[in-house]
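Here is a short report on helix packing and nonpolar cores. Look at the model, then read on.

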Amino acid sequence: MVLDCVGIGVGPFNLSLACLMEPVLDLNAVFLERRNEFSWHQGMQLPGAKIQVSHVKDLVTLADPTNPYSFMSYLKDHGRLYHFVNAKFDTVMRREFEDYLAWAFQKNSLVRPDHGVNSIEFDGDFHVDTNQDGFCSRSISIGIGRVAALPDCLERLEGPNMIHSSAYMDTMPDVTGKAVCVVGGGQSGAEICLDLLSRDPENAPRKITWSTRRSNFDPIDDSPFANELFTPQHSDAHFQRDARNKRLALKQFKLASDGISAATLEQIYQSLYMHRFIERSGLEAELVPGVTLTAVKRQGDGRINLTFVPNTQGQDSQNHVQCDVVVLCTGSRPAPLNFLGSLKGRFDMVGDEPRVREDFSVVWDGPETHKIYLQNASRLQRGIADPNLSLNAWRSQVILDSLRGKSNQSCGQEPSFLSLDKTVQPPLHMDRPAENVRALT
């Protein structure tokens, strides 16, 4: 049987497509996942951590509010809908949202756990080989997620006392009485810094250094007009911009997607206040903004020496930090598409990204009737919202409509309150565009 679509990987993005597709009777599809059970950001499931988006930005609601896989349906299914309303959470706990995703994963009849994809070949149709079965399909949807990104000065993690934030809850070594350096000024770095500051004295480190390339530890911009950037209309407008203005937009709007929750910043500041003035705990805490990690050297005693340089122009000084444990909160990058084999060489590329069409299908040298859809791997082409949960349901609906041969006009939404043209005006300090473009690349 030739299927209409095979999904490769079942994280939140392909899971959204599977949930929107399950009620559609005129499509045949399966979604393959190598794991037996669903997991999402397991390494960052810290107690009390919350997602940074509204619960209505779930798998399906913003595309199909009546779909049975909504977060509200999950709450009702678990008998706690009224309790959730009465609790008045501003946002959802990360653990609860992961449990919601796992609930949808287990219920969806299109999902095939324990199906690791070995290879994909094309001979007029796509042939997907897994550790269990083989599948033949006219189209595929790739949603294999992201992997840890490391600083330019590191090729790999070295030793048990150097970890990436994505593995913090799984592999964090004992830090009692030790010096810990947290590198990275986004939400992950903030949550880990807060966790270290909040430990009981018998489990606490003696020193915490928190560094970032940013000029300060900045809050996320979640104002209404900043959130207009996370709409289908803005994604479409960004898609139409030229390459220079796309890059400028990613830089200009960075804090709308990659800032720290204001509540987390307040908790960190209050914790620092308590340690220094009230408890007088003796814990050393050093927050260092505006520096870039340039070298990592392991010493003979097992400790790690980190070299930072200031980002201020004209300063050539270096700052050396010795620590026992390093936590790299340096973001993520799209996972490699090794299972595609020679197929990947047939893609049209935009920098490091496969070029995509408006329906998120890859531009390649194969027939247009057989499409390769790409989820969460088009940030440059689609804007800051591409890796975010905000447009998850809409993007899945666009892909679903494409599979059914229908056009999608931003899901029938009214125009944005902002005038979204094809250009982005650079910030006032960007007065030399040519140099700025080189810096951004």
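A crossing is left-handed if the near helix is turned anticlockwise from the far one by less than a right angle, and right-handed if clockwise. Helices (H or I, at least four residues) and strands (E, at least two) are DSSP runs, numbered from the N terminus. The crossing of α6 and α11 is left-handed.

This is a predicted model: local features need pLDDT of at least 70, side-chain atom pairs count only at pLDDT 80 or more, and totals for chains, interfaces and linings use all residues. Residues are numbered from 1 along each chain as its sequence is written, and side-chain values use heavy atoms, without hydrogens and water.

The axes of α6 and α11 come within 10 Å and cross at roughly 30°. Axes are lines fitted to C-alpha atoms, for helices over the stretch in contact, and angles run from 0 to 180 degrees between N-to-C directions. Therefore α6 is roughly parallel to α11 (angles under 35 degrees).

Contact means heavy atoms within 4.5 Å. The table shows who meets whom.

| Helix | Span | Residues in the contact |
|---|---|---|
| α6 | residues 187-197 | Gln 187, Ala 190, Glu 191, Leu 194, Leu 197 |
| α11 | residues 262-278 | Thr 264, Gln 267, Ile 268, Ser 271, Leu 272, His 275 |

Now for the cores. A nonpolar core is a set of buried Ala, Val, Leu, Ile, Met, Phe, Trp, Tyr and Cys residues joined through side-chain atoms within 4.5 Å. Buried means under 20% relative accessible area (1.4 Å probe, protein chains only). The largest nonpolar core has 51 residues. Leu 15, Met 21 and Phe 97 have the most contacts inside this core. Its largest share, seven residues, comes from α4.

Definitions and conventions
Parallel < 35°, antiparallel > 145°, perpendicular 65-115°, else oblique. Buried < 20%, exposed > 50% of the residue type's maximum accessible area, 1.4 Å probe, protein only.
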